[in-house]
Amino acid sequence: MTSAEFKATIEAGSKSFSFAARFFDQTTYQSVIRLYSWCRFCDDWVDKAGTPATAADQLLTWTIDGINGRTAPAPFQAFGEIARRHQIPELYPLELI
């Protein structure tokens, strides 16, 4: 995904987060819109999945793959980049899922 696509995701998904994110410096803003995209994708995936357990298994796999720099959907690769950049322990996103 491009930066414009991440920006479009936050603008479509949450007017308040989109507005608030504009107050960050550019580097932080880029991380925030990518983090939001990951959260939005996860939330939407759970809504579409057959069961919560099936959704969680797939989200966990993609998240771990993204954190470790392996192939995963774009929001997970982006999350992996920001997790490494900001030293977010793997445990946090996994517990959130």
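## An exposed tyrosine

Y92 counts as exposed because its relative accessibility is 52%, where exposed means over 50% relative accessible area, buried means under 20%, and partly exposed lies in between (1.4 Å probe, protein chains only). Y92 belongs to helix α6, which covers residues 91-96; helices here are DSSP runs of H or I with at least four residues, strands are runs of E with at least two, and both are numbered from the N terminus. Between the C-alpha atoms of Y92 and W45, which stand 47 residues apart along the chain, the separation is 19 Å.

## Basis of the model

This is a predicted model, in which local features need pLDDT of at least 70 and side-chain atom pairs count only at pLDDT 80 or more, whereas totals for chains, interfaces and linings use all residues. Residues are numbered from 1 along each chain as its sequence is written, and side-chain values use heavy atoms, with hydrogens and water left out.

## Overall architecture

The protein has 6 helices and 0 strands, and from the N terminus on its elements follow the order α-α-α-α-α-α. Its radius of gyration is 13 Å, close to the 13 Å that the globule rule gives for 97 residues, so the protein is as compact as a globular protein of that length; the radius is taken over C-alpha atoms, and the rule is 2.2 Å times the number of residues to the power 0.38. Taken along the principal axes, the C-alpha atoms fill a box of roughly 35 × 25 × 20 Å.

Of the 97 residues, 32% are buried. The protein exposes about 5,800 Å², of which carbon and sulfur atoms supply 58%, the areas coming from the Shrake-Rupley method with a 1.4 Å probe and, for residues, with only the protein chains shown counting as cover. Among contacts (heavy atoms within 4.5 Å) between residues at least 6 apart in sequence, 48% join residues at least 24 apart.

## Salt bridges

A search of the whole structure finds 4 salt bridges, each defined as a side-chain nitrogen of Lys or Arg within 4 Å of a carboxyl oxygen of Asp or Glu. One of them joins the side chains of E11 and K7 at 3.8 Å, N to O; both residues lie in helix α1 (residues 3-13), 4 residues apart, or about one turn of the helix. E11 counts as partly exposed at 28% relative accessibility, and K7 is partly exposed with a relative accessible area of 36%.

In helix α3 (residues 26-48), D44 and R40 are likewise 4 residues apart, about one turn of the helix, and their salt bridge has its closest N and O atoms 3.3 Å apart. D44 counts as partly exposed at 29% relative accessibility, R40 is partly exposed at 25%, and a network of salt bridges links R40, D43 and D44. The side chains of D65 and R70 also meet in a salt bridge, at 3.0 Å, N to O; here D65 counts as buried at 15% relative accessibility, while R70 is partly exposed at 41%.

## Cysteines

The search of the whole structure finds 0 disulfides, a disulfide being a pair of cysteine sulfur atoms within 2.5 Å. C39 is in no disulfide, and the cysteine sulfur nearest to that residue, belonging to C42, is 6.7 Å away. C39 is partly exposed, with a relative accessible area of 32%, whereas C42 counts as buried at 9% relative accessibility.
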